[in-house]
Amino acid sequence: MIRWQHLLNKLSTDDPVLQQKLSLWQAHPHKTPLALIQGFSFISANRATLNYFETKYDAFINATPYDFSPRIQSSGRNSVEYSREMILEAIAGKNIAFNWLHLSQQGTELPSRINLYHCTLQQQTVVLVELQALNRRNQVREIVSDGFAHIPKEIISTTLEESAEAVYITDADNRILAVNKAMCRICGYSAEQMIDNTPEFLDVRHLAGSDENDCRQALKQRGFWQGEIWKRRSDGNHFPAWQSSRKIVTHNNEHYHVNIFSDISTKKLLETQLTTRAMYDTLTGLPNRFHIKQILHSALEKLKTDPLTLGALMFLDLNGFKNINDSFGHAMGDKVLQLVAARLEGGCIEKADIARMGGDEFTLVLQDCSCKEEIQLFAEQILSLFDSPFEIEGQKFFLGTSIGIALYPTHSDQASQLISLADTAMYCAKKSQPHLVFYDKAMSQAAELKLQLINNLRHAHSLKQFTLAYQCIVDLQTNQTIAAEALLRWQRSPTEYYEAANFISLLEETGLIVSVGQWVLEQACLQAALWRQHHQSTFRVSVNVSPLQLEHVDFIEQVINALTMANLPAEALILEITESALLRQPEQARATLNRIKALGVSIAIDDFGTGLSSLSRLGTLPIDSVKIDAEFALRLNEASGQKLYNAIIQLAQALEINFIAEGIETQQQKDIMTGMGQGFGQGFLFGYPSTVEHFTQAFFTQKCLA
């Protein structure tokens with residue numbers, strides 16, 4: 001802890017308020033829980049913080065804040081993402097305060113108030129962390145006199161006699177002079193059997209010989225001893241006891257020993273149960289997150305004696321488990337998890353240590369591997385465990401798994417970091433076949449980039465970095481521009497420009513799509529109203545709608561407000577909905593589309609043909625048009641591609657809805673589509689997405705001049 005005092009004294013800040021706090025903390029370095037973060041890891045902490053987390057200094061250093069946190073905070077935010085976001089803001093110079101749920105090393109929940117302060121340590125930026133417990137802990141109480149000096153000896157004698165704890169008093173020769181009722185009840189002997197005997201027949205020597213020696217030595221040197229010792233009952237059974245012994249010397253120089261003990265069998269059993277709960281998952285019986293970290297620590301320690309060994313940490317996440325919970329309930333989901341745990345144990349119990357991290361996530365620790373290929377083969381065997389369905393109550397459930405693998409010491413020799421790296425690899429595995437990926441540095445770089453993009457996206461709207469580009473939609477028969485699709489763009493800086501495909505998923509992941517989508521809707525309606533007023537009275541605008549927007553309770557109000565604000569008639573607005581939006585909550589989506597249709601707003605299905613399940617619903621939904629995905633236009637030079645395209649157009653005509661052909665880039669493609677029927681087209685052949693000014697110049701001003 002000398003290092004903590006040294007580091008604390010080296011901290012500097014320009015904030016006068018923080019400087020006052022630093023002076024107070026430097027005077028009392030271990031009173032308030034404090035820690036230092038550099039990058040995203042702890043580099044030091046004081047004794048109060050280690051006590052708070054019930055951990056040791058070596059286990060705390062190089063760990064991250066989310067190593068002592070549940071995966072998801074009570075707010076629903078991911079702990080890794082949220083904590084990194086707060087740390088980055090503190091590094092940027094802000095003093096941050098927020099509530100957080102920590103977990104101690106033993107698994108205890110620690111609701112906390114966190115303060116992050118930007119500081120400088122030897123010309124390097126660090127973050128000073130102050131922790132405040134939100135629950136009542138260690139309240140100081142007033143010390144009062146015990147009052148025994150004023151109590152008559154008869155009352156004290158009766159109290160000892162009726163005490164629930166066993167009490168016996170011995171003389172200088174270690175012979176029992178007196179015992180109370182609890183002593184007789186606990187040990188099963190009468191007072192006559194014990195008095196004048198030495199207490200050796202009560203002690204289990206072969207189990208607690210060292211404890212007995214410790215007791216005698218402590219009584220001789222300090223006159224007091226307490227500790228755990230094993231006792232014997234009259235029936236021969238042994239039991240653990242907690243004993244306190246004190247030597248008393250009277251004014252006549254007579255020596256006595258007062259011994260008090262209690263049967264702690266129930267307490268020991270409870271401790272065992274609590275230890276099991278703290279180290280094992282109650283649902284599956286597997287080791288939990290904290291236990292597997294200890295196993296991983298032990299495996300990493302072996303590297304010091306045999307540095308040439310290779311090990312692996314596998315992070316597993318079940319594919320399709322959420323559907324089981326949603327469809328059959330959490331009780332059925334729990335049964336499935338138990339079957340998964342049993343199958344994993346049966347498949348790898350002799351080769352790996354397995355744990356359940358929480359939810360549908362599991363980890364496996366492999367030790368003493370010869371090469372990466374051996375680990376790859378074992379991982380493939382784990383994947384094969386999911387080839388057969390899980391059967392419960394006559395119901396078969398088909399599940400898969402995604403596996404991310406981090407190697408030690410190749411990738412890291414720190415347990416917490418290995419778990420984080422394997423977790424990162426697992427998320428990459430979910431996006432690729434066969435759902436098995438080894439970690440590499442590019443994954444962390446991609447994760448860091450994603451985090452930075454999310455961070456910047458949160459401020460992009462307020463910084464007015466979002467703009468709209470417009471791409472024309474034309475009548476294939478007349479070549480007249482009849483509408484424009486509004487496309488979101490992010491101009492982060494003069495040299496950084498992002499199209500929607502590069503950040504829409506992040507907006508949806510963070511929930512920002514609702515507010516940004518509302519802004520897009522309002523801006524597009526305002527622009528359409530101007531074009532209708534000054535150039536073409538029948539002009540229409542098409543706006544993309546995210547599934548999250550469609551599900552939002554205020555979406556209909558947002559549409560009405562956008563139309564009212566722009567003074568735009570409802571028939572001038574087209575809302576583009578993807579097929580996936582219709583599958584998430586089909587009944588709610590149908591009800592929302594009916595309300596939109598009742599307003600007079602047109603509805604188009606975007607990227608039509610990329611999904612497979614909307615065909616059965618197409619005729620029952622209030623749809624005005626389908627936008628045929630651009631992939632189909634690429635196949636128009638093939639006979640099979642033309643037949644498929646023609647089939648989609650005939651389906652649209654049979655249902656009496658319009659079609660808009662996306663991705664038209666050549667005159668040949670346009671001619672083929674025009675021959676298939678009356679419809680509309682969109683693509684680079686007619687015009688690239690452009691700014692309002694360029695769009696107006698190209699499709700309105702020049703036409704007027706002509």
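This is a predicted model: local features need pLDDT of at least 70, side-chain atom pairs count only at pLDDT 80 or more; totals for chains, interfaces and linings use all residues.
Residues are numbered from 1 along each chain as its sequence is written, and side-chain values use heavy atoms, with hydrogens and water left out.

## Overall dimensions

The protein chain holds 27 helices and 27 strands, where helices (H or I, at least four residues) and strands (E, at least two) are DSSP runs numbered from the N terminus. Its radius of gyration is 36 Å, well over the 27 Å that the globule rule gives for 706 residues, so the chain is more spread out than a compact globule; the radius is taken over C-alpha atoms, and the rule is 2.2 Å times the number of residues to the power 0.38. Along the principal axes, the C-alpha trace spans about 125 × 65 × 55 Å.

Of the 706 residues, 46% are buried, a term that means under 20% relative accessible area, with exposed meaning over 50% and partly exposed in between (1.4 Å probe, protein chains only). The accessible surface of the protein chain comes to about 36,300 Å², and 51% of this belongs to carbon and sulfur atoms; the areas come from the Shrake-Rupley method with a 1.4 Å probe, and for residues only the protein chains shown count as cover. Among contacts (heavy atoms within 4.5 Å) between residues at least 6 apart in sequence, 58% join residues at least 24 apart.

Helix 20, residues 555–566, has 12 residues and reaches 17 Å from its first C-alpha to its last, close to the 16 Å expected at 1.5 Å a residue; the expected span is 1.5 Å times one less than the number of residues. Its buried residues are Phe555, Ile556, Gln558, Val559, Ala562, Leu563 and Ala566. They cover an arc of only 165° around the axis, which puts them on the same side of helix 20, the arc being that of the directions from the helix axis to the C-beta atoms. The elements against which these buried residues pack include helix 18 (513–534), helix 19 (547–551) and helix 22 (586–599), together with strand 22 (540–545) and strand 23 (573–578). After helix 20 comes asparagine 567, whose phi is positive, near 55°.

Glutamine 549 belongs to helix 19 and is buried, with a relative accessible area of 4%. When its neighbours within four places in sequence are left aside, glutamine 549 is in contact with Ile513, Val514, Gly517, Gln518, Asn544 and Phe555.

Strand 2, residues 34–38, has four of its five residues buried, so it is largely enclosed by the rest of the structure. Strand 2 runs antiparallel to strand 6 (residues 124–133), to which four bridges join it, and it pairs in the antiparallel sense with strand 3 (residues 41–45), also over four bridges; two strands count as paired if DSSP finds at least two bridges between them. Leucine 36 stands opposite leucine 128 in strand 6 and opposite serine 44 in strand 3. The hairpin of strand 2 and strand 3 has two residues between the strands, and in it glycine 39 takes a positive phi near 70°.

In a regular strand the side chains alternate between the two faces of the sheet. Strand 25, residues 625–628, is covered on both faces, with Ser625 and Lys627 buried on one side and Val626 and Ile628 buried on the other. Strand 25 runs parallel to strand 24 (residues 602–608), with three bridges, and parallel to strand 26 (residues 658–661), with four. Isoleucine 628 is the bridge partner of phenylalanine 608, while lysine 627 stands opposite isoleucine 660 in strand 26.

## Backbone features in loops

| Residues joined | Omega |
|---|---|
| Tyrosine 408 and proline 409 | about 5° |
| Glutamine 433 and proline 434 | about 5° |

Proline 409 sits in the loop between strand 17 (400–408) and helix 15 (415–429), and proline 434 in the loop between helix 15 and strand 18 (436–438).

Glutamate 393, although not a glycine, has a positive phi of about 55°; it lies in the loop between strand 15 (390–392) and strand 16 (395–397) and is exposed, with a relative accessible area of 63%. Lysine 464 has a positive phi near 60°, lies in the loop between helix 16 (441–460) and strand 19 (466–475), and is exposed with a relative accessible area of 73%.
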